[in-house]
Amino acid sequence: MSKTNYNTKKQYKQLSLIERTKIETLLNEKKPIRYIAEQLGRNISTIYREIKRGSVNQIVNRNGIQRDELKYYAETSHYIYKAKQQNKYHNNLTEKFSQQFFKDLQQVVTEKYRTHSIDTFVHWYRQNHPNEKVPCTKTVYTFVHQGIIPIKPIDLPKMVSIRKRPKKDNTKTYKKNMGTSIENRPDVANNRTEFGHWEIDLVLFKKTKNEALLLTLVERQTRYTIIRKINDKTALCVLRTLKNIFKQYRKSTFKSITSDNGSEFASLSELESKYLNIYYAHPYSSYERGTNENHNGQIREFLPKGKSINTVKKSTIRKIESCLNQKIRRKLGYRTPAELFLLRVD
């Protein structure tokens with residue numbers, strides 16, 4: 001009979017109460033440790049450590065002689081394990097750290113115009129407090145789920161909005177094409193190795209007549225965002241707004257723009273020159289402009305869908321734009337879009 005090898009590398013799983021009860025039963029039957037390990041399909045070292053952890057001193061009377069004896073109890077071991085699990089996050093945190101970190105974190109993630117996520121705040125705090133023990137991002141999210149810190153999931157819009165998306169059918173044939181297809185976009189734009197390639201979109205809030213909307217541009221490499229409030233969805237209005245934006249930046253800032261096939265972008269081809277190329281994504285393929293779509297979602301944290309923005313001042317739009325550009329990003333090596341954008345245009 002071949003012997004099972006229990007030393008193969010796999011993700012470790014903690015012993016259950018049922019397994020601990022089996023250990024106690026087999027020990028009472030005077031079974032050897034190796035036999036117990038084989039019965040449970042566990043490494044022999046795991047069993048040794050478990051017995052050591054769950055054994056307690058008992059005073060026994062044998063032939064009128066009292067003596068101490070170690071005895072393993074499954075329920076005692078399981079209780080010790082549960083207690084350690086509950087407190088393991090707190091054992092390594094100083095009181096000073098816990099109070100200050102959680103206080104700062106709560107303020108950062110609940111303010112309206114925040115420039116930090118939980119991940120970037122953990123990174124920032126670790127850099128500015130090198131002598132303190134700082135939990136990782138995953139641990140802080142565990143704190144949130146368990147209610148250990150006074151932050152609710154609803155305070156973190158992305159945390160409650162992330163959901164499984166249906167798989168895209170890539171076998172579709174696309175008929176509508178308003179200009180040069182995204183398939184012809186160069187690799188330096190696709191892999192973000194070159195600065196100056198942008199994605200454009202409109203953000204609608206109410207579908208009633210005479211409602212203002214936002215035109216958004218996001219640079220693919222730096223994630224720098226430009227937001228402008230426009231009065232209508234016409235191609236003429238979009239074209240006029242883009243021309244005004246171009247006047248504020250150097251020519252080298254814009255090398256290409258990728259849009260969807262909406263009629264509002266029908267006139268973008270008029271902007272094409274030897275300095276600027278226009279590419280159109282496939283119909284019903286918003287994932288091809290994922291950077292822009294993601295930023296539009298962040299804008300809706302400030303201006304929710306269904307709310308009219310006719311009365312929203314330009315200063316408020318600029319504040320939202322500034323907030324997104326000053327937001328520390330993990331994908332940017334924990335730097336801000338504004339910081340990288342300035343380095344590229346200088």
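User: In which sense do strand 6 and strand 7 pair, and over how many bridges?
Analyst: This is a predicted model. Strand 7 covers residues 277-280. Strand 6 pairs with strand 7 in the parallel sense, and the bridges number four.

User: Which residue in strand 7 is the bridge partner of Ile257?
Analyst: Ile257 belongs to strand 6, residues 256-259. Its bridge partner in strand 7 is Ile278.

User: Which residue in strand 6 is the bridge partner of His197?
Analyst: Strand 3, residues 197-203, also pairs with strand 6. That pairing is parallel and has three bridges. The partner of His197 is Ser256.

User: Are the residues of strand 6 buried or exposed?
Analyst: Ser256 and Thr258 point one way from the strand. Ile257 and Ser259 point the other way. For all of them, the answer is buried.

User: How are helix 1 and helix 3 oriented to each other?
Analyst: Helix 1 spans residues 17-28 and helix 3 spans residues 44-54. Their axes lie 11 Å apart, at an angle of about 85°. Angles of 65 to 115 degrees count as roughly perpendicular. The two helices are therefore roughly perpendicular.

User: How many residues of the contact of helix 1 with helix 3 are charged?
Analyst: Arg20, Ile23 and Leu27 of helix 1 meet Ile47, Glu50 and Ile51 of helix 3. Four of the contact residues are nonpolar and none is polar. The charged ones number two.

User: Is Cys237 buried or exposed?
Analyst: The cut-off for buried is under 20% relative accessible area. Cys237 has 6% relative accessibility, so Cys237 counts as buried.

Notes: Residues numbered from 1 in each chain as written. Predicted model: local features only at pLDDT ≥ 70, side-chain atom pairs only at ≥ 80, totals over all residues. Heavy atoms only, no water. Buried < 20%, exposed > 50% of the residue type's maximum accessible area, 1.4 Å probe, protein only. Pairing = 2+ DSSP bridges. Axes fitted to C-alpha atoms, helices over the stretch in contact; angles between N-to-C directions. Parallel < 35°, antiparallel > 145°, perpendicular 65-115°, else oblique. Contact = heavy atoms within 4.5 Å. Nonpolar A, V, L, I, M, F, W, Y, C, P; charged D, E, K, R; others polar.
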